[in-house]
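The questions below ask what lies behind some of the labels used for this predicted model. Each answer sets a value against its cut-off.

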Amino acid sequence: MVNKEFDIILFGATSFAGKIMCEYLVGEHIEPNLSWAMAARSESKLQALKSELGEKAAEIPLIVADSFNEEALTDLCERTHVVISTVGPFALYGDLLVKVCAESGTDYCDLTGEAQWIRRMILKHSEAAKASGARIVNSCGFDSIPSDLGVKFLQQHAQLNFRNYCDKVRMRVKSIKGGASGGTIASGINIYKEAAANPDLQRELKDFYSLCPKNHDNKAKQRNITLEYDDEYKSWVGPFIMAGINTRIVLRSNALNEVSYAEEFHYNEGSLTGDGAIGEKKAKSSARFSKLGPMLLTIAPIRAIITRFFLPKPGEGPSPEEQEAGFYDLRFFGSTDAGDEIRVKITGDRDPGYGSSAKMLAQAGISLRRDVDKGDCAGGFWTPAAIFGDRFIERLQTYAGITFELQSVIPAAVSSNEDSADEDIAAEE
C-alpha cells in the first residue's frame, strides 16, 4: 500500500459544482484528518477561490493541471489516493483523466450524467482499471445516487422482510425544487449534438442496458414513462428528466451484483403531477416537452439559438439562496412475483443538481478512500450501489442532508387479504 501525499484531490475546484464542494469541505463538513487539495487549470482562479473561502482554506494546497495535459494529470494522480472530478461536459474534458487514473491505480469518482461517455470509458479503460486496482465510480451526484442507493435500500429491506428481492421497482418524484446550471445543460446538449450525426449512438441511447456487461442475465423489457396513471400513488405520471441516466445506472448495479435483484428486474422513473384533470394536464404537457425538446436539440441551427438566448452559460447556476431553498422527495415502490409490496422514501435538503450533489460527491470520494478497502473491492468501473455499503448510507444521512425512510412493508398474505376485503366491500355495496 503506497502512502500518498493526499487522500483526495478535487479536480475542477473552480467550476460551479467544484466551488460548492470546496465550501462544503471547508465549512459545513470538515472530515477529521482528511488531507486534500484543490486542482484546476487556472492558478489565478484557484488563488481567487482560496481567498473567497477564507482562513479555513489557508492550508489547503493548490495544484495546476489541465484536462488535456497527460504529464500534469499523471503527476496529480501520483500524489493522491482518490480524484474527485467536476470537469464537465465529461465527454469533452473527462477522457484523459479517467485514462490516467485507470492506468495508475488511482481511485476516481465524478457526477457525470452522460451515459454515452461512461460506456466509452468502460470499453476503453476497464481492463486497465482491473489490472491497476483503480476503482472508477461515475454518477455520484443527484444522478444517480438517490435512485441507485434508494433501490439498494429498498431491496435490502425486501430481503430482510420477504427473504426475496423485488423484481419490479419504480421511482416517482413526488416533489422537487432546484435550478439548472450552465454546465449541466452543456453536458445534456452535447449528448444531442453527438447523437445528431451518429446513428449508432442514437441506437445506443435507446438501449436501457447500454452500461451493463455483455454477459448480463437481465432480459426484462424496460420502458420509458411518458404519460400514465399510477394507481399506487393515485396520481398522473409524466417523464422525469434524469430517468435516462438513472435507469441505466440502476440496471448496471443489478448486473454487477454477485446476486442480482431478479432474473428479470424491471425499473422505471417518472414524476407525479397530481390527480384529476389538472394532474393529467401537467403530465401531458411534460410528456410533450420531453418529446419535442430532444428533437429540437438535434437540429444544429435551433440548438445554437436555444443555447445562446435561452439557457444559462457554463459557470452560471442557482444562487446560494436558491440552493438552500431547494429540495427533493422521491418515492420508491417495489413488489415481488409473490405479491409482497414495499415502499421507501428518499429526501434531500438542498437543490438536487448542486447543493445536494456537491455533498453527495464529496462523501462518495471520502467513502471511497476510507470505507471501501482495496482488498475487498477490485479495480474496475463501479456504480454507487455496487461499491458503497451501509456506511455510505450512514454518511449521506449524517453529513449530506439525505434521509432514507422505510415507509411500509406489506407481505403477500396481508396484501391478498386486503384485496379480498376490498372486493367484499365492493360486492356488498
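Q: What is the hand of the crossing of α3 and α5, and which residues make the contact?
A: The crossing is right-handed. On the α3 side the contact is made by E70, L73, T74 and C77; α5 contributes L96, L97, K99, V100, C101 and S104.

Q: How do the residues of this contact divide into nonpolar, polar and charged?
A: Six are nonpolar, two are polar and two are charged. Cys counts as nonpolar under the scheme used, and Glu and Lys count as charged.

Q: Which residues of α5 are buried, and what follows the helix?
A: L96, L97, V98, V100, C101 and A102 are the buried residues of α5. The helix is followed by G105, which has a positive phi near 80°.

Q: How many aromatic pairs does the structure hold, and what makes F16 and Y354 one that is edge-to-face?
A: There are 10 aromatic pairs. The ring centres of F16 and Y354 are 5.2 Å apart, with 80° between the planes. F16 lies in helix α1 (residues 16-28) and Y354 in helix α14 (residues 352-370), 338 residues apart.

Q: Why is Y354 called buried?
A: Its relative accessible area is 7%, and buried means under 20%. Y354 is therefore buried.

Q: What makes the pair of Y165 and Y261 edge-to-face?
A: The planes stand at 70° and the centres are 5.7 Å apart, so the pair is edge-to-face; the limits are over 60 degrees and within 6.5 Å. Y165 is in the loop between α7 and β7, and Y261 is in the loop between α10 and β10, 96 residues apart.

Q: How do you know whether Y165 and Y261 are buried or partly exposed?
A: Y165 has 22% relative accessibility and so counts as partly exposed, the range for that term lying between 20% and 50%. Y261 has a relative accessible area of 8% and is therefore buried.

Q: Which residues do ring pairs link into a cluster?
A: The cluster consists of F142, F240 and Y328.

Methods: Residues numbered from 1 in each chain as written. Predicted model: local features only at pLDDT ≥ 70, side-chain atom pairs only at ≥ 80, totals over all residues. Heavy atoms only, no water. Left-handed = near helix turned anticlockwise from the far one by under 90°. Helix = DSSP H or I, 4+ residues; strand = E, 2+ residues; numbered from the N terminus. Contact = heavy atoms within 4.5 Å. Phe/Tyr/Trp six-rings, centres within 6.5 Å; stacked < 30°, edge-to-face > 60°. Buried < 20%, exposed > 50% of the residue type's maximum accessible area, 1.4 Å probe, protein only.
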